[in-house]
Amino acid sequence: MRTINMLSKADMVKGQGVLSAHDEQVALAKKVMAGGARVLENKKIAEGITHYHSINPEFYLSISKAKAQGAAVGYVHFLPETVENSISLPRFAKNLFYKYMISFYKRMDYLVTVNPVFIEKLAAYGIGADKVTYIPNVVSEECFYPLPKEKREAVRRKYRIPEERFTVLCVGQLQKRKGVFDFVEIAKRMPECQFVWAGGFSFGKLSEGYEEIRGMMKHLPANVKFLGIVDRKKMNEIYNMADMMFLPSYEELFPMTILESMNCALPVLVRDLPIYDPILFDHALRGRHKGEFISVIRQLKDDPVFYQQSAHASYEGHLRYSRETVGAMWKQFYERVFLEEEEKKRQKASGKWNRRARKDAYIWTNKRQQYI
């Protein structure tokens, strides 16, 4: 049977979106490719499709063999500009890492990115668009879903949050780029609301802004709770404990936290970033600065009609990125790669092989969704 071997070391760092994206994608691939291909994880084989989820050095050394005996697929979770403000390293170390990252991507036969904006960004590094396919992230409805009122109330009691207090949640690593300082400043201006941050220093002292954030956390207002890194199995109750999701991040790609919030039908408020344009549409509320964020949060708190409209728009985002829709995209992609590899083998056997790139875009039924 045909084989897809998933290679990842994302679990080396807990509490990061790359790990969540990997777990969701592997589970989905096993479902949609059942009967059509064996989906393996971290096996020492090089046949069929080798799907690289992380760019560890030991994986880099295996690329030549993977390409010789099949196809190498790379998952693009980050680029130099998205890492720049995430990890604190000496400049020479960052530059070396960036060169390695791009080299890894260039050696792939195929690349998959979770945001179509990255197709153009990869082109700036000399990687042709014909090599890149856009497939969005996905979140399982079995793991993230709305809880009934009595269970939501029980979770609030567990975390000592008053039942009647409007609760604003952010989920993400503690880094300056995530907007953590804005989050706390807004909380100071809105003492009538509860603010909760789930996430911690996934990269320890290497996290950008580590000392500054640690200093700030020593003087938090009474209405702010930092929960640290929460096991993903417990995150559904964290989302359901909140009234809304607020992600003031300055840099993102396609946050899993937004999809998880949408699954739970929480209104979502994000910073107005261009990178969200082709993926969030009108499923999330936006703000440009602290004043606008406060205005939107207050309206969600005080206007039940606006709140219900925002929650409905969020849940529609979950329907847009359902496992059925995204699963069909992955199945189409893997089947295309298998077909092209079979054709390549036939041409090699006949002595007529001449590598050619081909990209079949996935066409959304709703034209408004098409951005490939």
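A: Let's start with histidine 51, which sits in strand β3, residues 48-52. Keep in mind that this is a predicted model. Is histidine 51 buried or exposed? Its relative accessible area is 0%, and buried means under 20%, so histidine 51 counts as buried. What surrounds histidine 51, leaving aside its neighbours within four places in sequence? It is in contact with Ile4, Asn5, Met6 and Leu7, and also with Gln25, Val73, Tyr75, Trp330 and Tyr334.

With a relative accessibility of 45%, aspartate 231 counts as partly exposed. If you pick out leucine 28 as well, you will find its C-alpha atom 21 Å from that of aspartate 231, and the two residues are 203 apart along the chain.

Strand β9 leads us to a sheet. This open sheet has six strands in the order β9-β8-β7-β10-β11-β12, paired in parallel. Its edge strands are β9 and β12 (285-287), each of which pairs on one side only. On average, neighbouring strands here are turned by 25 degrees against each other, direction ignored. In general, strands of a sheet pair through backbone hydrogen bonds. Zoom in on β7 (residues 167-171) and β10 (residues 244-247): these two run parallel and are joined by two bridges. Here leucine 169 stands opposite methionine 245 of β10.

Now turn to helix α9, residues 210-217, where Tyr210, Ile213 and Met216 are buried. Looking down the axis of α9, you would see its buried residues fall within an arc of 130 degrees, so they line one face of the helix.

Finally, have a look at two helices, α13 (residues 290-302) and α14 (residues 304-320). Their axes come within 5 Å and cross at roughly 105 degrees, which makes α13 roughly perpendicular to α14. From α13, the residues in contact are Val296, Gln299, Leu300 and Asp302, while α14 brings Pro304, Phe306, Tyr307 and Ser310. Sorted by class, this contact has five nonpolar residues, two polar ones and one charged one.

Notes
Residues numbered from 1 in each chain as written. Predicted model: local features only at pLDDT ≥ 70, side-chain atom pairs only at ≥ 80, totals over all residues. Heavy atoms only, no water. Buried < 20%, exposed > 50% of the residue type's maximum accessible area, 1.4 Å probe, protein only. Helix = DSSP H or I, 4+ residues; strand = E, 2+ residues; numbered from the N terminus. Arc of directions from axis to C-beta. Pairing = 2+ DSSP bridges. Axes fitted to C-alpha atoms, helices over the stretch in contact; angles between N-to-C directions. Parallel < 35°, antiparallel > 145°, perpendicular 65-115°, else oblique. Contact = heavy atoms within 4.5 Å. Nonpolar A, V, L, I, M, F, W, Y, C, P; charged D, E, K, R; others polar.
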